[in-house]
Structures are given as structure tokens and as C-alpha cells.
Amino acid sequence: MATETPPPPKAQAQLPSTEEFADVQQSAEFGELRRSHRSFAFPLTIAFIAWYLLYVLLSNYAGGFMDTKVAGNINVAIVLGLAQFLTTFLIAWWYARHAAAKLDPKAEAIKSRMEGGE
């Protein structure tokens with residue numbers, strides 16, 4: 001049997017209207033946020049997909065090259081395969097830094113304005 005009383009309900013924030021959302025979507029501030037995201041995410045996505053496809057194509061069509069020994073039993077295929085993981089983590093880290101520095105402040109400003117906290 002619980003003896004603690006539940007916390008009082010928080011006041012519900014008034015959600016913006018559809019028109020207010022549409023106005024913000026058309027604003028220059030939101031356009032800049034969208035541009036900042038796209039100018040970072042799209043080129044990196046294309047570059048990573050190209051890098052991944054290069055690895056797959058080399059694995060399928062350049063078996064001799066991929067089997068080239070680098071050191072001991074480590075060959076080019078293993079090195080490039082591990083590089084896939086490394087680039088995945090580096091891109092995620094880089095995006096997190098970009099989002100924290102460039103996207104999050106702009107998004108927070110839009111959010112606070114929409115919630116009436118100007």
C-alpha cells in the first residue's frame with residue numbers, strides 16, 4: 001500500500017493552432033533550420049552510401065585486391081570493413097556536434113516561441 005500521494009497534475013500547455021504551425025513552417029527562421037540540417041545531412045549521407053557501395057563492389061568484383069595482406073592475416077577487406085564501422089561512428093559524432101551547435105539552438109528558439117515563451 002503506497003503512502004505517497006501523486007504529484008498534482010501539470011497545467012496543459014495550449015498547443016499552437018494549425019495556422020500557427022503553417023506560419024512557422026513558412027518563416028525564414030524555420031527555412032534556415034531546414035537548410036542547416038539538409039546542407040549537413042544530405043552530402044554526408046550520399047558520401048557514406050557511395051563509400052558503402054564501393055566496399056560492396058570491391059568485395060564482389062575485386063576479390064584479389066580485397067585479399068591483399070596488410071599485416072599478418074589482416075587483409076584489405078578486413079581493414080575496409082572495420083573502416084565502415086569507424087566512419088559510421090565518426091559521422092554520428094560529427095552530426096551530434098553539428099546538431100548541438102547549429103540545429104538545437106534554432107529549434108529551441110522556434111519551440112519556445114511556439115509555446116508562448118518568447
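Mentor: A patch is built from residues with over 30% relative accessible area and no salt bridge, and nonpolar side chains are joined within 5 Å. The model shown here is predicted.

Trainee: Which residues form a nonpolar patch on the surface?

Mentor: The patch consists of Val70, Ile74, Ile78, Val79, Leu82, Phe85 and Phe89. Together they have about 700 Å² of accessible area.

Trainee: Which helix gives the most to the nonpolar patch?

Mentor: Helix 4, which covers residues 76-114, gives the most, with five residues.

Trainee: Leu82 is placed in helix 4. Is Leu82 buried or exposed?

Mentor: A residue counts as exposed when its relative accessible area is over 50%. Leu82 has a value of 54%, so it is exposed.

Trainee: How is the packing of helix 2 and helix 4 to be read?

Mentor: An angle over 145 degrees counts as roughly antiparallel. Helix 2 (residues 28-61) packs with helix 4 at an angle of about 170 degrees, and their axes are 10 Å apart. The two helices are therefore roughly antiparallel to each other. The residues of this contact comprise 19 nonpolar, seven polar and four charged.

Trainee: Ile49 lies in helix 2. How does Ile49 count in terms of relative accessibility?

Mentor: The partly exposed class lies between the buried limit of 20% and the exposed limit of 50%. Ile49 has 45% relative accessibility and therefore counts as partly exposed. Along the chain, Ile49 and Ala62 are 13 residues apart, and their C-alpha atoms are separated by 19 Å.

Terms used: Residues are numbered from 1 along each chain as its sequence is written. This is a predicted model: local features need pLDDT of at least 70, side-chain atom pairs count only at pLDDT 80 or more; totals for chains, interfaces and linings use all residues. Side-chain values use heavy atoms; hydrogens and water are left out. Patches are made of residues with over 30% relative accessible area and no salt bridge: like charges are joined within 9 Å, nonpolar side chains (Val, Leu, Ile, Met, Phe, Trp, Tyr) within 5 Å. Accessible areas come from the Shrake-Rupley method with a 1.4 Å probe; for residues, only the protein chains shown count as cover. A salt bridge is a side-chain nitrogen of Lys or Arg within 4 Å of a carboxyl oxygen of Asp or Glu. Helices (H or I, at least four residues) and strands (E, at least two) are DSSP runs, numbered from the N terminus. Buried means under 20% relative accessible area, exposed over 50%, partly exposed in between (1.4 Å probe, protein chains only). Axes are lines fitted to C-alpha atoms, for helices over the stretch in contact, and angles run from 0 to 180 degrees between N-to-C directions. Angles under 35 degrees count as roughly parallel, over 145 as roughly antiparallel, 65 to 115 as roughly perpendicular and the rest as oblique. Ala, Val, Leu, Ile, Met, Phe, Trp, Tyr, Cys and Pro count as nonpolar, Asp, Glu, Lys and Arg as charged, and the others, Gly among them, as polar.
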